[in-house]
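Hi,

Here is the structure I promised to pass on. Have a look at it first, and then read my notes below.

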Amino acid sequence: MSRYFFTPLLALALGCGAPAPTALAPTEAPTTGGSKAGDFGPPVGEPIQAELTNAPNVPAPTNRTAPAKVVVELEVVEKVMPISEGVDYTFWTFGGEVPGKFIRIRQGDTVEFHLQNHPDNKMPHNIDLHAVTGPGGGAASSFTAPGHASQFSFKALNAGLYVYHCATAPVGMHIANGMYGLILVEPPEGLPKVDREYYVMQGDFYTVGKYREKGLQPFDMQKAIEENATYVLFNGSEGALVGDNAITAEVGETVRLYVGNGGPNLVSSFHVIGEIFDKVYTEGGTFAQENVQTTLVPAGGATMLEFYVEAPGTYILVDHSIFRAFNKGALGMLKVDGDDALDIYSGKEVDSVYLADKAASSAPIAEASAAAAAGSLTKAQQIEAGKALFAGTCSTCHQADGTGVKGVFPPLAGSDYLMADGKRSIGIVLNGLSGPVKVNGEDYNSVMPPMSQLNDDEVANILTYVTNSWGNEGAAISASDVAGVRATSKAPAGAAH
């Protein structure tokens with residue numbers, strides 16, 4: 001990549017006056033581009049200790065006019081962390097978090113890289129930085145056993161946004177356990193100023209237990225080989241970018257997202273619901289496409305996105321391979337404050353359909369999970385957890401107040417049909433229900449698909465909430481009650497019990 005600056009050129013006419021793609025404007029005489037143009041000579045001044053940040057934060061711009069020697073120190077830590085509410089996983093990390101630390105340097109810098117492997121770790125590790133020009137991207141120079149450290153240097157010849165990851169065999173397993181991050185190599189003049197910058201990185205995870213199955217979940221090598229992800233996540237966990245952890249902006253600000261995809265297997269169809277990207281630097285490279293709705297981010301690739309925020313509200317970040325968002329966890333939030341712009345958009349500030357069960361606090365789910373593990377789960381805790389789960393699973397059809405939709409979706413509030421047979425109600429959630437039913441003396445005819453993606457504890461908590469709300473009074477339903485029905489009922493086609 002040549003010495004280019006990430007700003008649009010004046011559009012050149014193509015054909016019938018169509019604008020040319022946005023390019024990086026040269027600041028010096030034209031060159032042949034690529035890595036041949038990226039060597040600005042030896043480092044100038046004293047070595048600089050790199051600022052490293054955890055996602056979603058981004059280090060400050062380098063603001064330098066000459067190449068420097070930049071020292072990067074990164075420690076590999078193997079640790080157990082939450083991957084979802086009540087679900088733990090043993091992550092392998094660069095710096096104690098997934099994704100690894102964001103590294104920001106300048107084109108032409110010489111990087112002195114130090115990799116430490118914590119003495120409590122069980123595995124050797126290394127690092128392959130896609131920003132490195134040289135065999136293995138640093139992997140062969142950085143193989144490090146637990147309790148040891150390694151060092152190597154490289155010159156950053158190409159500007160752009162690059163993935164780094166572990167490349168120790170089995171490479172896929174190391175990446176699948178969270179060993180990836182982003183390194184930004186700024187062009188010499190830096191990037192245009194924006195109001196907000198955030199770091200978002202997608203990854204796919206493979207656990208022995210099904211999605212949201214509670215407890216400590218081991219890695220499943222066969223699922224990984226088959227590319228059958230249990231979770232697809234932003235920044236390493238379902239809760240990383242939702243609720244209090246959402247990224248934020250103000251109306252009238254420009255936001256830049258540095259979006260990476262660690263993989264190891266799946267390509268991301270990255271989309272922000274309610275926004276159109278003004279610029280997308282595809283695959284983190286030189287040219288910017290404009291007015292983009294959804295952009296592909298390959299496994300082991302990255303992109304830079306910029307957009308101006310016109311209206312307040314909660315914008316949802318998703319992988320638009322949409323079952324990944326609502327059934328595997330690839331969902332985040334951008335919360336925008338400011339005055340309404342009714343001439344641009346008039347509507348709901350928060351759309352619970354898109355927010356799913358993240359529309360409400362997920363803390364009750366975690367509390368119920370911990371109590372169940374300790375053997376102290378109460379009915380009240382189940383009701384609170386079930387209320388949060390109901391918001392994203394059932395409320396669209398049955399409505400938040402349980403009244404349903406006349407003639408189509410039967411009411412759950414004061415429902416004689418619901419309360420007459422607890423096992424039947426469990427079976428309907430697990431196996432679905434099609435055709436006519438009579439509820440409270442009125443006829444309904446619709447289709448409820450099997451909710452077999454829900455775990456036993458989730459079904460139990462939802463039904464305990466429903467059977468104890470809106471005038472209903474029932475006993476608590478346990479996970480073992482649900483497991484019994486699941487084991488003895490015949491699952492219809494499409495219900496993967």
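One term before we start: a strand here is a DSSP run of E with at least two residues, and strands are numbered from the N terminus. Also keep in mind that this is a predicted model.

Let's begin with Glu186, which sits in strand 14 (residues 180–186). Is Glu186 buried or exposed? Its relative accessible area is 2%, and under 20% counts as buried, so Glu186 is buried. Its side chain has polar contacts with two others: the side chain of Thr62, at 2.6 Å, and the side chain of Arg104, also at 2.6 Å. Leaving aside neighbours within four places in sequence, the residues in contact with Glu186 include Pro61, Asn63, Ile105 and Ala159.

Six strands form an open sheet with mixed pairing, in the order 17-15-19-24-21-22. Strand 17 (231–234) and strand 22 (288–292) are its edges, each pairing on one side only. On average, neighbouring strands are turned by 20 degrees against each other, direction ignored. Within this sheet, strand 19 (residues 254–263) runs antiparallel to strand 24 (residues 301–308), and eight bridges link the pair. Tyr258, for instance, has Met304 in strand 24 as its bridge partner.

Last, helix 6 (residues 379–393). Its 15 residues should span 21 Å at 1.5 Å a residue, and the end C-alpha atoms are 20 Å apart, so the two agree. Buried residues in helix 6 include Ile383, Leu389 and Phe390. Among the elements covering the buried residues of helix 6 are helix 5 (363–374), helix 7 (395–398) and helix 10 (456–466).

Cheers

Notes: Residues are numbered from 1 along each chain as its sequence is written. This is a predicted model: local features need pLDDT of at least 70, side-chain atom pairs count only at pLDDT 80 or more; totals for chains, interfaces and linings use all residues. Side-chain values use heavy atoms; hydrogens and water are left out. Helices (H or I, at least four residues) and strands (E, at least two) are DSSP runs, numbered from the N terminus. The expected span of a helix is 1.5 Å times one less than its number of residues. Buried means under 20% relative accessible area, exposed over 50%, partly exposed in between (1.4 Å probe, protein chains only). Contact means heavy atoms within 4.5 Å. Two strands pair if DSSP finds at least two bridges between them. Axes are lines fitted to C-alpha atoms, for helices over the stretch in contact, and angles run from 0 to 180 degrees between N-to-C directions. A polar contact is a pair of N or O atoms within 3.5 Å; within protein, one must be able to donate a hydrogen and the other to accept it, and residues adjacent in sequence count only if both atoms are side-chain atoms.
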